[in-house]
Amino acid sequence: MRRTSFALLVAAAAGAAYVLRRRTASPEHVELGFVDGSAIVLRPADGNAGRLLALARDVASAARS
């Protein structure tokens, strides 16, 4: 009984942490992947990320219509 309760508590805590992390993360970002497998992530506050995000929004809206 104790092991089951502990396992449920750990699972619930992990689920809550996942949900909170997803909510607080910035939903918009630019991820640039390279041939060697590395990648960088640009947030809206970064220099040219705003221009790339605007282009990505245009492409996404064109693909939906």
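**Notes on the fold and surface**

1. Along the sequence, the chain runs in the order α-β-β-α. The radius of gyration is 19 Å, well over the 11 Å that the globule rule gives for 65 residues, so the chain is more spread out than a compact globule. Please keep in mind that this is a predicted model.

2. In terms of counts, the chain has two helices and two strands. About 55 × 35 × 20 Å is the span of the C-alpha trace along its principal axes.

3. How much of the chain is buried? Of the 65 residues, 6% are buried. The chain has an accessible surface of about 5800 Å², and carbon and sulfur atoms account for 62% of that surface.

4. On the surface there is a nonpolar patch made up of Leu 32, Phe 34, Ile 40, Leu 52 and Leu 55. Together these residues have about 420 Å² of accessible area.

5. One of the patch residues is Leu 32, which lies in strand β1, residues 30-33.

6. As for charge, the chain carries 9 positive and 5 negative charges. The mean position of the positive charges and that of the negative charges are 16 Å apart.

Key. Residues numbered from 1 in each chain as written. Predicted model: local features only at pLDDT ≥ 70, side-chain atom pairs only at ≥ 80, totals over all residues. Heavy atoms only, no water. Helix = DSSP H or I, 4+ residues; strand = E, 2+ residues; numbered from the N terminus. Rg over C-alpha atoms; globule rule 2.2 N^0.38 Å. Buried < 20%, exposed > 50% of the residue type's maximum accessible area, 1.4 Å probe, protein only. Areas by Shrake-Rupley, 256 points an atom, 1.4 Å probe, with all protein chains shown as cover. Lys, Arg positive; Asp, Glu negative; His and termini not counted. Charge placed at Lys NZ, Arg CZ, Asp CG, Glu CD. Patch = residues over 30% accessible without salt bridge, like charges linked within 9 Å, V, L, I, M, F, W, Y side chains within 5 Å. Salt bridge = Lys/Arg side-chain N within 4 Å of Asp/Glu carboxyl O.
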